[in-house]
Amino acid sequence: MTDRITLTGLTVRGTHGVYDFERAEGQDFGCDVVLEVDTRPAAESDDIADTIHYGELADALAAVLAGEPVNLLETLAERLAAICLADERVAACEVTVHKPQAPIAHAFTDVSVTVRRERHSG
């Protein structure tokens, strides 16, 4: 499948992290998702019901980013990928979680974890 729907730069305040101060103070987390989906049905019908509603997707992803705290970005990425694959039309997804305010004692721009998950038949 070569069709993709991409949502880039979704940013939400969350309380994820291994340190108590991260949980207490919170920080911004970002995510980018790429969904592999057949867009032909939507193109033919010109009906949003035949595609992934990216506004609803953003709301669901934001709820996870702002929701129950986890220690690791890997766990957060896995939860976000599960949201993407909840729609059976999504054949695969790539999810990148960004933590630009990670507690690192050196100058840096971003820390991120990227996962790719595919729907398995059966």
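This is a predicted model: local features need pLDDT of at least 70, side-chain atom pairs count only at pLDDT 80 or more; totals for chains, interfaces and linings use all residues.

**Exercise 1.** Classify Arg116 as buried, partly exposed or exposed, and identify the network of salt bridges to which Arg116 belongs.

*Solution.* Step 1: the relative accessible area of Arg116 is 37%. Buried requires under 20% and exposed over 50%, so Arg116 is partly exposed.
Step 1: Arg116 forms a salt bridge with Glu36, with an N to O distance of 2.5 Å. This pair links distant parts of the chain, since Glu36 lies in strand β2 and Arg116 in strand β4, 80 residues apart.
Step 2: a salt bridge also joins Arg116 to Glu118, at 2.6 Å from N to O.
Step 3: Glu36, Arg116 and Glu118 are therefore linked in a network of salt bridges.
Step 4: Glu36, at 19% relative accessibility, counts as buried, whereas Glu118, at 44%, is partly exposed.

**Exercise 2.** Determine which residue forms a salt bridge with Lys99, and whether Lys99 counts as buried or exposed.

*Solution.* Step 1: the partner is Glu22, the closest N and O atoms being 2.6 Å apart.
Step 1: Lys99 lies in the loop between β3 and β4, and Glu22 in helix α1, 77 residues apart.
Step 2: the relative accessibility is 9% for Lys99, which counts as buried; Glu22, at 3%, also counts as buried.

**Exercise 3.** Identify the residues that touch the most other members of the largest nonpolar core.

*Solution.* Step 1: the core has 30 residues, and those residues are Leu61, Leu80 and Val95.
Step 1: α4 contributes the most to this core, with seven residues.
Step 2: the contacts of Val95 include Leu80, Ala81 and Val113.

Note on methods: Residues are numbered from 1 along each chain as its sequence is written. Side-chain values use heavy atoms; hydrogens and water are left out. A nonpolar core is a set of buried Ala, Val, Leu, Ile, Met, Phe, Trp, Tyr and Cys residues joined through side-chain atoms within 4.5 Å. Buried means under 20% relative accessible area, exposed over 50%, partly exposed in between (1.4 Å probe, protein chains only). Helices (H or I, at least four residues) and strands (E, at least two) are DSSP runs, numbered from the N terminus. Contact means heavy atoms within 4.5 Å. A salt bridge is a side-chain nitrogen of Lys or Arg within 4 Å of a carboxyl oxygen of Asp or Glu. Lists of a residue's contacts leave out its neighbours within four places in sequence.
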